[in-house]
Amino acid sequence: MGTFAFMIHPIDPKRDVQRKFPLLGRLLPEPAIHFFSAYFPPVYLSRVTGIRSQATGRTVEGWLLACPLTPQRMLSLPLERVYRKIIETGRLAERLGARILGLGAFTAVIGDAGITVAKGLRIPVTTGNSYTVAVALQALRQAAERMGISLPEATAAVVGAAGAIGRVAARLLAREVPRVILAGRRTERLEAIRPLVEAEGARAQVAEGLEALREADLVLVVSSSPVAIIGPEHLKPGAVVCDVAQPRNVSPAVAARRDDVLVIDGGIVEVPGEVDFGFDFGLPPRMAYACMAETITLALEGRYESYSLGRRLSIERVEEIARLAEHHGFRLAGLMSFGRPLTEEAIARIRANARRELAAARGYPAARLNHAAAQLGRPELSSGR
């Protein structure tokens with residue numbers, strides 16, 4: 001039987017610590033959790049059972065482990081100390097018998113995105129970023145269709161475009177849309193990848209700030225910020241925003257104040273078999289993040305190799321892992337927003353609200369607003385161009 005381990009860490013400190021240590025999570029204030037996380041040992045969370053390939057019938061089992069560091073501590077501690085803590089957690093996976101280790105959330109993006117961690121362990125390591133790209137784009141396409149957005153007429157934006165996921169996602173989006181806005185903290189890195197994006201067929205624009213997102217019909221958020229950076233003021237009516245980041249980079253205020261914008265959680269899939277994760281990490285039953293699903297897919301394939309490492313992911317690997325995962329029975333979960341399933345009725349309301357906002361912005365007479373809102377499939381209303 002194949003085995004794997006997957007590493008997570010506290011993102012919302014009080015909530016996440018309470019999932020494993022209820023009393024400790026209630027008593028410790030959040031600043032104390034941040035501080036002491038540097039001194040906690042790796043945490044065994046649970047054994048994962050019940051995963052079965054739909055294609056081969058092969059089963060695999062694994063373990064969920066926690067690196068105790070919070071995102072804030074990972075960013076404030078010396079990088080070498082962060083590596084040591086992640087590697088220490090990886091060695092727990094080795095002792096348990098795992099044959100491959102997946103890195104989740106900030107453990108996958110800190111430093112050199114898994115390369116140093118892999119060198120410090122005897123088992124292969126993957127960040128899961130290749131399958132995360134594939135699933136995020138699947139979700140974005142599905143949501144665009146629900147909102148009546150025509151990809152050949154749409155403008156897409158990638159926030160965090162210079163990162164491992166953003167770089168390859170921007171290139172793939174450039175094959176489907178005519179214009180891609182590249183946003184991130186370092187303009188020079190964005191300028192360096194602009195020719196790569198344009199080589200795929202789209203016009204690429206380097207954004208000077210998040211205000212440029214007001215021009216985008218589709219927004220993919222894949223930055224490594226430890227706090228929310230996308231607010232209600234950054235988005236156009238009718239936009240679809242796919243937030244892949246952990247912690248979330250889209251503020252809950254967007255959902256509260258913008259009933260004309262569709263925000264979806266990226267990178268969530270349904271796992272084949274009667275899976276029991278043995279631990280509540282915040283998703284509905286049988287659902288997992290795509291980074292975890294990549295690790296499980298490799299175990300089902302018997303491919304114990306360091307598959308996705310570093311910041312130069314290849315399109316070929318993104319496409320390959322998507323095929324392998326589909327073969328074994330992984331499927332895109334229904335659209336979710338801030339951890340909750342989105343109903344067709346909710347999407348229809350957002351879509352209608354967006355049409356009214358777009359119609360009003362174009363100076364439609366008041367008597368025609370309802371008619372404009374009813375034209376849910378009209379490209380000229382959906383693209384805003």
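Q: Across which strands does helix 8 lie in this predicted model, and at what angle does it run to strand 6?
A: In this predicted model, helix 8, residues 164-173, lies across strand 6 (155-159), strand 7 (179-183) and strand 9. Relative to strand 6, helix 8 runs at about 175°.

Q: How is the packing of two helices described?
A: The description of two packed helices rests on the angle between their axes and the distance between those axes. In this structure, the axes of helix 8 and helix 12 (residues 315-328) come within 10 Å and cross at roughly 85°.

Q: Which residues of helix 8 and helix 12 meet?
A: Helix 8 contributes Val168, Arg171 and Leu172, which meet Ile315, Val318 and Glu319 of helix 12. By class, the residues of this contact comprise four nonpolar, no polar and two charged.

Q: How do the strands of a sheet pair?
A: Strands of a sheet pair through backbone hydrogen bonds, in either a parallel or an antiparallel sense. An open sheet of six strands in this model has the order 8-7-6-9-10-11, with parallel pairing. The edge strands, each pairing on one side only, are strand 8 (203-206) and strand 11 (262-265). On average, neighbouring strands of this sheet are turned by 20° against each other, direction ignored.

Q: Where do the side chains of a regular strand point?
A: In a regular strand, the side chains alternate between the two faces of the sheet. In strand 9, Leu218 and Leu220 lie on one side and Val219 and Val221 on the other; all are buried, and both faces are covered. Strand 11 also has both faces covered, with Leu262 and Ile264 buried on one side and Val263 and Asp265 buried on the other.

Q: How do strand 10 and strand 11 pair, and which residue stands opposite aspartate 243?
A: Strand 10 and strand 11 pair in the parallel sense over four bridges. Aspartate 243 stands opposite aspartate 265 in strand 11.

Q: Do strand 2 and strand 3 run parallel or antiparallel, and what joins them?
A: Seven bridges join strand 2 (residues 43-52) to strand 3 (residues 59-66), and the strands run antiparallel. Within this pair, valine 48 stands opposite glycine 62 in strand 3. The two strands form a hairpin with six residues between them, and glycine 57 in the turn has a positive phi of about 80°.

Q: How many bridges join strand 2 to strand 13?
A: Two bridges join strand 2 to strand 13 (residues 273-276), and these strands run antiparallel. The bridge partner of threonine 49 in strand 13 is aspartate 276.

Conventions
Residues are numbered from 1 along each chain as its sequence is written. This is a predicted model: local features need pLDDT of at least 70, side-chain atom pairs count only at pLDDT 80 or more; totals for chains, interfaces and linings use all residues. Side-chain values use heavy atoms; hydrogens and water are left out. Two strands pair if DSSP finds at least two bridges between them. Axes are lines fitted to C-alpha atoms, for helices over the stretch in contact, and angles run from 0 to 180 degrees between N-to-C directions. Contact means heavy atoms within 4.5 Å. Buried means under 20% relative accessible area, exposed over 50%, partly exposed in between (1.4 Å probe, protein chains only). Ala, Val, Leu, Ile, Met, Phe, Trp, Tyr, Cys and Pro count as nonpolar, Asp, Glu, Lys and Arg as charged, and the others, Gly among them, as polar.
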